Amino acid sequence: MSNNRVCRAEHSGMLESKFRRMFQNPKKILKPYITKEMSVLDVGCGPGYFTVEIAKLIGNSGNVLAADLQEEMILKLKNKVKNTNIQDKINFHKCEKDRLGLSDDFDFILVFYMLHEVPNQRKFLKELFTHLKSNGKILISEPKFHVSKKDFEKSLNIIDEIGFKIVENPSIFLSRSVVIQKE
């Protein structure tokens with residue numbers, strides 16, 4: 001799922017800054033949507049800013065699939081969780097250039113600050129639709145500094161056309177965000 005706007009692995013430090021944690025705390029953002037025993041997909045996981053918190057929220061019976069286009073990002077996350085109590089809850093998946101290439105279904109999918117990096121949003125969102133369990137939800141959040149209101153509305157139109165229903169518009173600092181599920 002690539003295009004030239006993908007945040008490169010060598011710049012991933014900015015994704016995990018203490019400053020960001022003050023305004024976009026992963027636990028506060030995710031806790032309303034993730035419960036124990038869930039199966040969760042973190043698309044565009046990067047170095048695992050949200051993945052680590054997901055692994056804590058899902059308890060011992062849940063699992064998280066950390067998916068990214070860049071092998072370097074996956075390696076950073078693997079090294080981060082190596083020899084920790086959450087290591088066994090996280091599986092890793094390198095996406096293909098133009099598709100996720102998954103076989104599992106999920107209770108919750110996180111698409112944080114990466115939808116604008118996908119060249120074919122319709123194809124990507126349709127693929128997510130097929131991997132979302134009944135009553136499952138997807139949180140999509142895009143950065144206001146990269147995605148205009150008009151562009152976000154275009155994404156919302158695609159979401160509607162595919163058959164998702166908007167269930168919430170959470171307030172996330174400097175973001176345009178929506179929670180969707182299958183209609």
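This is a predicted model: local features need pLDDT of at least 70, side-chain atom pairs count only at pLDDT 80 or more; totals for chains, interfaces and linings use all residues.
Residues are numbered from 1 along each chain as its sequence is written. Local features need pLDDT of at least 70 and side-chain atom pairs count only at pLDDT 80 or more, while totals for chains, interfaces and linings use all residues; side-chain values use heavy atoms, without hydrogens and water.

Helices (H or I, at least four residues) and strands (E, at least two) are DSSP runs numbered from the N terminus. In strand E1 (residues 39-43), 5 of its 5 residues are buried, where buried means under 20% relative accessible area, exposed over 50%, and partly exposed in between (1.4 Å probe, protein chains only). Ser39, Leu41 and Val43 cover one side of E1, and Val40 and Asp42 lie on the other. E1 pairs with strand E2 (residues 63-68) in the parallel sense over 5 bridges; pairing requires that DSSP finds at least two bridges between two strands. Within this pair, valine 40 stands opposite valine 64 in E2.

| Residue | Relative accessible area |
|---|---|
| Phenylalanine 23 | 36% |
| Glutamine 87 | 30% |

Phenylalanine 23 belongs to helix H1 (residues 18-23). Glutamine 87 is found in the loop between helix H4 (71-81) and strand E3 (90-94). The C-alpha atoms of glutamine 87 and leucine 77 are 9.9 Å apart, although 10 residues separate them along the chain. The side chain of glutamine 87 also reaches the backbone nitrogen of asparagine 83 at 2.6 Å.

Terms used:
A polar contact is a pair of N or O atoms within 3.5 Å; within protein, one must be able to donate a hydrogen and the other to accept it, and residues adjacent in sequence count only if both atoms are side-chain atoms.
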